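Please look through the sequence and the structure shown here before reading the notes. The notes are grouped by topic and meant for a first reading.

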Amino acid sequence: MSAAGDRLQDTARRAALALPEVTHGYPFSPGLDVYKVAGKVFLIVTDDPDEQIITVKSEPEYARTLVRGYASITPGRYLDERHWISLGAGTGITEQLVTDAVEESYHLAVERVPQRDRPEAR
């Protein structure tokens, strides 16, 4: 997967939609496909063909490790750079890495939802 951004984006979308109670839409702009769980954003997919990236929540220490380890992973654009990372297509960016990043982001978002409002695990 290390070449095509559209594959990165498709993988992220599939991973997100496979999770419980996920919704998505374009609340910020027509070029940003935003995925939420219980009203909390956990994935942003940029539809710009010139900048095919996804942005996910991440634990700060793990985020720093990924940013140091992959040239195409950067601190999250336009968000709190300690808690968000952006992934672009590049060397070492595999479907599994993207899927894991989306799932981790989802779980971090769910942790911020009151227990009574959390989605049921599948």
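This is a predicted model: local features need pLDDT of at least 70, side-chain atom pairs count only at pLDDT 80 or more; totals for chains, interfaces and linings use all residues.

Residues are numbered from 1 along each chain as its sequence is written, and side-chain values use heavy atoms, with hydrogens and water left out. Helices (H or I, at least four residues) and strands (E, at least two) are DSSP runs, numbered from the N terminus.

**Salt bridges**

- Side chains of opposite charge can pair when their charged atoms come close.
- A search of the whole structure finds 5 salt bridges, where the term means a side-chain nitrogen of Lys or Arg within 4 Å of a carboxyl oxygen of Asp or Glu.
- One of them joins Arg 7 to Glu 95, with 3.3 Å between the closest N and O atoms. This pair links distant parts of the chain, since Arg 7 sits in helix α1 (residues 5–17) and Glu 95 in helix α3 (residues 95–111), 88 residues apart.
- Arg 7 has a relative accessible area of 40% and is partly exposed; Glu 95, at 36%, is also partly exposed. Here buried means under 20% relative accessible area, exposed means over 50%, and partly exposed lies in between (1.4 Å probe, protein chains only).
- Another salt bridge holds Asp 33 and Arg 13, at 3.1 Å from N to O. Asp 33 belongs to strand β2 (residues 32–37) and Arg 13 to helix α1, 20 residues apart, and this pair too links distant parts of the chain.
- Both Asp 33 and Arg 13 are buried. Together with Asp 47, these two residues are linked in a network of salt bridges.
- Asp 80 and Arg 82 form a salt bridge as well, their closest N and O atoms being 2.9 Å apart. Asp 80 is partly exposed at 31% relative accessible area, whereas Arg 82 is exposed at 53%.

- Strand β3 (residues 40–46) pairs with β4 in the antiparallel sense over 3 bridges; two strands count as paired if DSSP finds at least two bridges between them.
- Ile 44 stands opposite Thr 55 of β4, and β3 and β4 form a hairpin with 6 residues between them.
- β4 also pairs with strand β6 (residues 84–88), in the antiparallel sense over 5 bridges. Within β6, Leu 87 is the bridge partner of Ile 54.

**Loop residues**

- Ser 58 lies in the loop between β4 and α2 (60–69), and this residue is buried at 5% relative accessible area.
- Leaving aside residues up to four places away in sequence, Ser 58 touches Ala 63, Arg 82, His 83, Trp 84, Ile 85 and Leu 108; contact means heavy atoms within 4.5 Å.
- Glu 21, in the loop between α1 and β1 (22–25), has a phi near 55°, a positive value in a residue other than glycine.
- Ala 38 lies in the loop between β2 and β3. Its phi is near 50°, again a positive value in a residue other than glycine, and Ala 38 is partly exposed at 43% relative accessibility.
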